[in-house]
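Where do charged side chains pair up in this fold? The report below takes up its salt bridges.

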Amino acid sequence: MSSIIISNEEAKALLKMEKIKTTNDIINLPNTGGRAEIPLIAKNGTESFTLDISRGRLNPERRKYQNRTRQCIILARLDFNSPHRNPDGEEIGVPHLHLYKEGYNDKWAYPVPTDI
């Protein structure tokens, strides 16, 4: 868990920033048990980000797409093929979307909105 704390408002602003790749290298999607890290920067140049893409080692259908900043703050994570239990005990099905929440980091998940 990250020891860096940002506000919910700052997390939303960082998530909304338009991002571009910092390299023209071809990024291959990971094989079973693999991971890819894509370096990103805010289009205005003020922040750096990483897009992580990973696949499960034991279950290759388990996939994760994650956007983080300041190396360790997870702003958003889209999980497939495994339900999640929130700190309040509510179970969220699959797929689900984790969004940064002050005091909880990425521990809170929500059903994926149907419009995305």
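The count comes to eleven salt bridges. The model is predicted. Side chains of opposite charge can pair when their charged atoms come close.

| Salt bridge | N to O distance |
|---|---|
| Glu18 and Lys43 | 3.6 Å |
| Arg35 and Glu37 | 3.1 Å |
| Glu91 and Arg85 | 2.7 Å |

**Glu18 and Lys43.** These side chains meet at 3.6 Å, N to O. Are the two residues buried or exposed? Both Glu18 and Lys43 are exposed.

**Arg35 and Glu37.** The side chains of this pair form a salt bridge at 3.1 Å, N to O. Arg35 has 52% relative accessibility. Exposed means over 50%, so Arg35 counts as exposed. Glu37 has 44% relative accessibility and counts as partly exposed, because that value falls between the 20% and 50% cut-offs.

Which residues make up the network that includes this pair? Salt bridges link Arg35, Glu37, Asp52 and Arg68 in a network.

**Glu91 and Arg85.** A salt bridge joins these side chains at 2.7 Å, N to O. Glu91 counts as partly exposed, because its relative accessibility is 46%.

Key
Residues numbered from 1 in each chain as written. Predicted model: local features only at pLDDT ≥ 70, side-chain atom pairs only at ≥ 80, totals over all residues. Heavy atoms only, no water. Salt bridge = Lys/Arg side-chain N within 4 Å of Asp/Glu carboxyl O. Buried < 20%, exposed > 50% of the residue type's maximum accessible area, 1.4 Å probe, protein only.
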